[in-house]
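Have the structure open as you read.

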Amino acid sequence: MAQASDSIRFILNDTEVALSDVAPTATLLDYLRLERRLTGTKEGCAEGDCGACTVLVGRLSNDGENGERLVYESVNACIRFVGSLNATHVVTVERLAAKDGTLHPVQQAMVDFHGSQCGFCTPGIVMSLYGLWLTNDNPSRAAIEKTLQGNLCRCTGYEPIVRAAEAAARERPLAIFDPITRTREAVTERLKALRSTETIVIRKGADCLIVPADATGLATVLDEHPTATIVAGATDVGLWVTKQMRPLNPAVFINGIAELQRIDRTDAGLTIGAGVSYTAAFDALSAAYPAFGQLIDRIGGEQVRNMGTIGGNIANGSPIGDSPPPLIVLGASVTLRSKNGMRTLPLEEFFIAYGKQDRKPGEFVESIFVPALPKGDRFAAYKVSKRRDEDISALLGAFRIGLDEDNRVRTTLVAFGGMAATPKRAKAVEAALIGQPWSEETVRAAQAALESDYQPITDWRATSAYRMLAAKNLLMRFFLESTGETVQLQRFEDVA
Amino acid sequence: MDKSTFEEQTTIAGPMHTRLRHDSAHKHVAGTADYIDDMPEPAGTLHGALGLTDRAHAEILDMDLSAVAALPGVVCVLTASDMPHSNDISPSHLHDEPVLADGRVQFHGQPAFAVIAETRDIARRAARRAKITYRDLPHLIDVADAMAQGGELVTQPLTLQRGDADGELERAPRRLKGQMRIGGQEHFYLEGHIALAIPGEDDEMTVWSSTQHPSEIQHMVAHVLGVPSNAVTVNVRRMGGGFGGKETQGNQFAALAAVAARKLRRAVKFRPDRDDDMMATGKRHDFLVDYDVGFDDDGRIHAVHANYAARCGYSSDLSGPVTDRALFHADSSYFYPHVKLTSQPLKTNTVSNTAYRGFGGPQGMVAAERIIEEIGYALGKDPLDIRRLNFYGEKGSGRDITPYHQKIEDNIIHRIVGELEVSADYRARRAAIIDFNKSSRVIRKGIALTPVKFGISFTMTAFNQAGALVHIYQDGSVHLNHGGTEMGQGLYTKVAQILADSFQIDIDRVKITATTTGKVPNTSATAASSGSDLNGMAAFDAARQIKDRLVAFAAERWQTTAEHVTFVANHVKIGEELVPFPDFIRQAYTARIQLSAAGFYRTPKIHWDRATGRGTPFYYFAYGAAVSEVSIDTLTGEYLVDRVDVLHDVGRSLNPAIDLGQIEGGFVQGMGWLTTEELWWDEKGRLRTHAPSTYKIPLASDRPKIFNVRLAEWSENAEKTIGRSKAVGEPPFMLPISVLEALSMAVASVADYRECPRLDTPATPERILMAVERLRGI
C-alpha cells in the first residue's frame with residue numbers, strides 16, 4: 001500500500017476544504033454549524049428523521065451502467081460523517097440565493113405560496129425540493145410527496161409546500177442563475193482531482209478514521225483492524241453516535257469505494273454491490289421485481305435512501321430491516337470478502353440470531369446476488385407501519401409462489417420481518433401451501449400455520465396480536481391479489 | 001416636497017384584510033432567520049445538558065456525580081441544592097414542580113442534575129456518567145390505573161351542571177353509556193427547547209428563550225435566582241414552533257441556564273437533544289371519558305352526564321385550566337337540556353402534561369362527537385341528522401345556554417354546516433360510499449361531517465390583557481413591539497398590518513422587533529388563540545394615542561379642526577394639503593410632540609366564577625366544519641384520507657393567506673393526533689416513543705389527497721374585535737374529528753352499520769384492524 005493520505009478533501013459550496021483534524025464521529029451538521037457558522041442548516045432530531053438538516057451532496061457516480069456522472073443527492077447532515085465526504089461537493093441552503101439576495105425559484109415559490117410558518121424546517125425542505133428541481137421539471141404530486149418523505153413540517157400541513165414545488169418546477173432560469181448547473185463541469189473536474197488513490201488515515205487523539213480507496217484497500221484495513229466499524233450510509237451507525245454517543249474506533253468509511261457501487265444485470269439475476277444506496281438500486285430492482293420497487297419507496301425518506309445501502313441493511317442484521325425478507329424469498333445470496341478470499345452463502349443463513357450475523361472479523365459484505373424470478377412466479381412484499389411513509393415496519397411480509405399447470409403450489413417461499421428476532425422464513429406456512437391447490441381454503445389453512453412459525457413481541461410499533469393477525473391477512477392479500485381483486489390502498493396510480 | 005409619490009399612490013402596501021406573506025418568509029427560505037441556536041454566542045459560552053433519571057417513581061438514595069464532574073471539559077454540576085433561592089418552578093404556584101428532582105423521582109426521565117461544560121458534546125457525554133442509587137416506589141402510569149388506585153388529583157376538579165341530568169337520564173326514552181379513551185400528543189415543534197442566559201452587572205440576567213411566555217420565564221428565573229423581576233430580561237424573536245409546548249415547559253431550561261450563568265459569570269446555553277426534550281417536557285393530556293346520554297327516538301338529547309379523567313402527570317402545571325377547557329367544550333356545538341360534567345385531573349408518574357393547541361378543548365369535543373355518533377348508530381341514522389337536531393338554537397330560542405350558563409349569541413353553525421354540506425356534496429357522496437361498501441370486499445370507505453365551535457378567551461380572566469409599545473422615529477419609520485410571541489403563526493405580520501393600517505403607511509416602514517419583557521411588561525402567554533385579538537388591539541391603542549396627539553398638533557399648526565386631519569396613503573391630509581408622512585413626523589418632532597406610546601387592551605364583558613361554574617368565560621366563539629372521506633384496508637387497518645372539505649370562520653380575516661395556513665396546518669396536526677401519533681409507555685413507565693423514528697407525525701403523503709379549504713367570507717365577528725376578525729390558532733385543530741368519524745364509518749360497514757365501532761384514539765392501523773375484527777365477530 002502506498003503512503004496513506006492524511007486529509008478529507010471536499011468542496012463546501014464554493015470553497016475547497018482539506019481537513020486533517022477530524023474525529024471519526026464528527027458529523028457534517030456540527031461541522032457546518034459550529035465550525036463554519038453556516039447556521040441555515042438546522043438540527044431538528046439528530047437522527048435522520050425530520051430533514052431540517054437536509055443538504056445536497058454531489059458525488060461522481062458510476063454504477064456500471066450510465067458511466068460516470070456528477071449526481072447531487074439530498075442527505076441528512078446530522079448523521080452524515082465528515083469522514084465520508086472525501087471528493088464530494090456539499091451544497092447548503094446558503095448557496096442557493098444569488099449574491100444580491102435574489103432567491104432561487106424554489107425559494108421564491110416557497111415564499112409566494114406561503115410554504116413556511118415557523119420556518120425551522122424550511123431550509124431543509126428548500127434543499128429537498130431543490131434536489132427534485134434539479135432532476136424533474138414536471139413532477140407529479142406523487143413525486144413531490146416522495147421527495148418530502150424525509151421532511152417533517154409541523155405547521156403548514158404541507159399543502160402550500162406541494163403547491164410551491166409544482167410552481168417552482170416551471171421556473172427555469174438560465175443556467176448561470178442556478179448555482180449547481182453553472183458549476184457542474186468545473187465541479188466534476190475538481191472532484192476527480194480530489195479523489196484519493198490511497199487509503200486516508202486520520203488520527204485524532206486516540207481515535208482513528210480510515211477511508212480505503214478501493215476494495216482491496218478495505219480488505220487490508222480490516223485485516224489490520226478486524227473489529228473496526230464499517231460505515232457505509234451511516235443511517236444506522238449515525239445514531240450510535242448522535243444518540244448513544246458510542247465511540248467508533250476505528251471507523252472505516254466505504255461509501256466512496258467505486259467497486260462496491262456496481263450493479264451488474266445478467267439473465268441470471270442482479271448483483272448489487274454492498275455500497276449501492278437504495279436510490280441507486282431502485283431502477284434495477286423495480287425493473288426486475290416491481291413489488292420491490294414499491295417497497296423501496298417506503299423505506300426511510302429520500303435522504304435516507306440516498307445514503308443507506310442494501311448491504312448495510314443486511315450487514316447490521318436488524319430484525320426489522322426491510323430488504324432482507326424480500327431478498328430471502330427471492331433466493332438471494334451474500335458474498336463476503338476478506339484479505340483471505342471470498343465466500344458466498346444464502347442470505348437466509350447469514351442471519352444467525354438477534355444481533356448475530358455470520359460475518360467473521362476481517363470480513364465485509366461485498367455484494368448481494370438476487371436471482372431472476374422464474375417466469376410465471378409471483379412475488380410480493382408488503383410493509384405495514386403506523387405511518388405509511390418513513391416509518392419502521394411493524395411487520396413486513398414477503399411472498400413468492402410458483403404454480404403448476406393444475407394451479408397447485410409448486411414452489412413457495414414466505415418470509416417476514418418484525419415477527420421474530422431475525423428476518424425469518426415461515427416454513428410451516430410454506431409446508432401448508434406446497435402441493436396444495438392455490439385457493440382461499442388452502443390460504444386459510446396456511447394462515448393458521450403462522451402461529452407455529454412466529455411468536456411476535458409487543459412493542460410501541462404493534463402488539464403481538466396485531467402482528468399475528470396482520471401477518472395472516474397479508475398472506476390473504478397475496479392470494480386475493482393473484483385473483484385480480486383490488487386489495488391495497490394506493491394514494492396514486494403511479495409515482496413519476 | 002416629492003409630489004410624484006402622493007399623486008400616484010392611493011393605497012398602502014400591507015393593510016389589514018389583505019393576503020400578505022409572513023414577515024420572515026424570505027429569511028426562512030434563505031436560511032437567514034435566526035433562531036436562538038443560530039445567534040453568535042458570547043465569548044466563553046458554556047453548554048448545559050440534563051441528567052435524566054431512569055425510574056418512574058423512586059427515592060434517590062445516593063447520587064454519585066464524581067465521574068460526571070471528572071470528565072475533562074466539565075465546568076460544574078448542578079443539583080437541586082445549587083438553586084440560589086428556590087428549586088420551584090410550578091406555574092400553578094402549587095409548589096409541586098422542582099427544577100431538579102430533590103430526593104424523589106416522580107417520572108421516568110425527570111432531570112435530577114445538570115452538567116455545564118465547555119461544549120455541548122462534552123456535557124451530553126458527562127450526563128450519562130452519573131451513578132444514581134434508587135429505592136423503587138410503586139408507579140401509576142395509565143389513567144385507568146390512577147383511577148383504580150384512588151384517583152389522587154394534582155389540582156381541584158371542576159363540575160359544570162345545569163338542570164337535573166341524572167333525573168332526566170332516568171326519564172329519557174333511550175339511554176346509552178360508553179367510554180372513550182383519547183390519546184395524548186407530543187408537540188414536536190421542529191425547534192426544540194433552548195435557552196441562553198447571559199449574566200450582566202449586579203444581579204442582572206438576560207435570557208434568550210424559545211418561549212411562548214417570556215413574562216413567566218422572567219418570573220421563574222427571578223424566583224429561582226432570588227432577585228426581583230426587574231433584574232431579568234427575557235427576549236424571543238421567533239420560535240421554531242410552539243403549539244403550547246413552550247407555554248410553561250421552557251422554565252426549567254431557562255432557570256438552569258440562568259443559575260449556571262450566575263454561578264460561573266459566563267453565558268450558558270441549554271439545548272436538550274430531541275430525545276431528552278421529548279422525555280422531559282410535557283405533552284397533550286390523554287383522557288378517559290365516561291359518558292351517559294339520554295335521548296329520544298328522533299335523536300334529540302335530553303341529558304348528558306359525563307366524567308373527564310385526564311393523565312396530568314406528576315404535577316399540576318396547567319392541568320387545572322386544561323381539564324376545565326375540556327368541560328367547556330364537552331358540548332361541542334350541541335345544546336344539552338340537562339347536563340352534569342365533572343373533571344378528574346389525575347396524578348400519574350409520567351411527565352407533567354401541559355398546554356397543547358386546543359388546551360383540553362379537543363378532548364372534550366371529540367367525546368361529544370362520539371356521543372352523537374353513538375346516537376346515530378343506535379337509531380340507524382346519519383350522525384349529521386343527529387347533529388342538526390341538537391345544534392344550539394338561535395339567540396333567544398331557549399336552546400342557547402351552555403353548561404357553564406353562558407348564552408351563545410353569535411351562533412352561525414347552522415349556516416356553516418348547511419353551506420358545507422352542499423358545497424362538499426355530502427349527501428350524494430355518502431350514498432355512493434354506502435353503495436361502494438356493499439360490493440368491496442377488502443377496501444371500505446367512510447365519510448363524516450363534524451362541526452367546531454370554540455370559545456375564545458383565557459378562562460383565567462386576568463390573562464385577557466395585553467400591551468404594545470410603538471415608537472415613531474424622526475424619519476417616519478415605526479418601531480413596533482408587543483407582548484405576543486412569534487412561533488410561526490404570523491402574529492408579527494398581522495400586528496404590523498394593524499399598525500400600517502392605523503397610520504396608513506406601507507408595512508415595510510414598520511419594523512417588527514423581538515418580544516422582550518423590557519419593553520412590554522406583565523404579558524400573558526401567547527396562547528388560547530388570543531395573540532392577534534389581544535396584541536393587535538394593544539398596538540391599535542398605541543397607534544390611536546399617537547394619532548390623537550398628531551391630529552391635535554396638525555389642527556393647531558394648520559389652524560383647522562381635528563376632523564380635517566386624516567391619515568391617507570403614506571401621507572397626512574390636512575384640509576386640502578397632503579403632507580408626506582416622514583415630513584409630517586419631523587414637524588411633529590420639532591414641535592415636541594411625543595411620538596411614542598404604550599398601548600393596552602383588556603377584553604371586555606367576560607367574567608367567570610369557577611366555584612359556582614357560572615359566568616361568561618368567552619368573549620365570542622369561532623366556528624367551522626369539515627367533511628372528510630377516507631378509505632381503509634380491512635386486512636391491515638391501513639387507511640388513506642381521500643378528500644377533505646373545510647369551511648371555517650375567522651370573522652373578517654386580518655390576513656386570509658395566514659389564516660388559511662393556520663387552518664390547513666391545524667387540520668393536519670389534529671389529524672395526526674387522532675391517527676398516527678401514539679405515545680407508548682412500557683411497564684416500567686418509560687416513554688418509548690421519544691423521537692421521530694418512533695413517534696409519527698403526519699408527512700406530506702398523509703395530508704388529505706384532495707384538500708379544499710375555504711373561509712366563511714361572509715362572517716364578521718359580532719364583537720368589536722380588531723377589524724372584526726376572529727382567533728384562528730386553535731379552532732381548526734378540531735376539524736379532523738371528521739377524519740376519525742369517517743374511519744369509524746368505514747369500520748362500521750363490516751357489520752352493516754349496526755354497531756358504533758367506538759374507535760379510541762389515536763386510530764392507528766392497529767386500532768382500525770382490531771375494531772374491524774371486533775365488529776366482524778358481532
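## Ground rules

Helices (H or I, at least four residues) and strands (E, at least two) are DSSP runs, numbered from the N terminus, and two strands pair if DSSP finds at least two bridges between them. This is a predicted model, where local features need pLDDT of at least 70 and side-chain atom pairs count only at pLDDT 80 or more, while totals for chains, interfaces and linings use all residues. Residues are numbered from 1 along each chain as its sequence is written, with chains lettered from A and ligands numbered from 1 in the order in which they are written.

## A hairpin in chain A

Take β6 (200-204) and β7 (207-211) of chain A: they pair antiparallel over five bridges, with A:R203 facing its bridge partner A:C208 in β7(A). Two residues sit between the strands of this hairpin, and A:G205 in the turn has a positive phi of about 60°.

β7(A) also runs parallel to β9 (251-253) of chain A, joined by two bridges. There, A:L209 stands opposite A:A251.

## A four-stranded sheet in chain B

Over in chain B, an open sheet with mixed pairing runs β19-β18-β17-β24. β19 (510-512) and β24 (596-602) of chain B are the edge strands with a single partner each, so one side of each has no neighbour in the sheet. From one strand to the next, the twist averages 25° (angles run from 0 to 180 degrees between N-to-C directions, with axes as lines fitted to C-alpha atoms, for helices over the stretch in contact).

β17 (465-472) and β18 (478-482) of chain B pair antiparallel over five bridges; B:L469 has B:N481 as its bridge partner in β18(B). Helix α16 (531-557) of chain B packs on the sheet, touching β17, β18 and β24 of chain B, and makes about 140° with the direction of β24(B). Contact here takes C-beta atoms, placed from the backbone, within 7 Å.

## Where the chains meet

The contact takes 69 residues from chain B and 65 residues from chain A. On the chain B side, α18(B) gives the largest share, seven residues. That side divides into 27 nonpolar, 21 polar and 21 charged residues (Ala, Val, Leu, Ile, Met, Phe, Trp, Tyr, Cys and Pro are nonpolar, Asp, Glu, Lys and Arg charged, the others, Gly among them, polar).

α18(B) is mostly covered, with 17 of its 19 residues buried (20 or more other C-beta atoms within 10 Å of a residue's own).

Notes
Contact = placed C-beta atoms within 7 Å. Buried ≥ 20, exposed ≤ 12 C-beta atoms within 10 Å, placed from the backbone.
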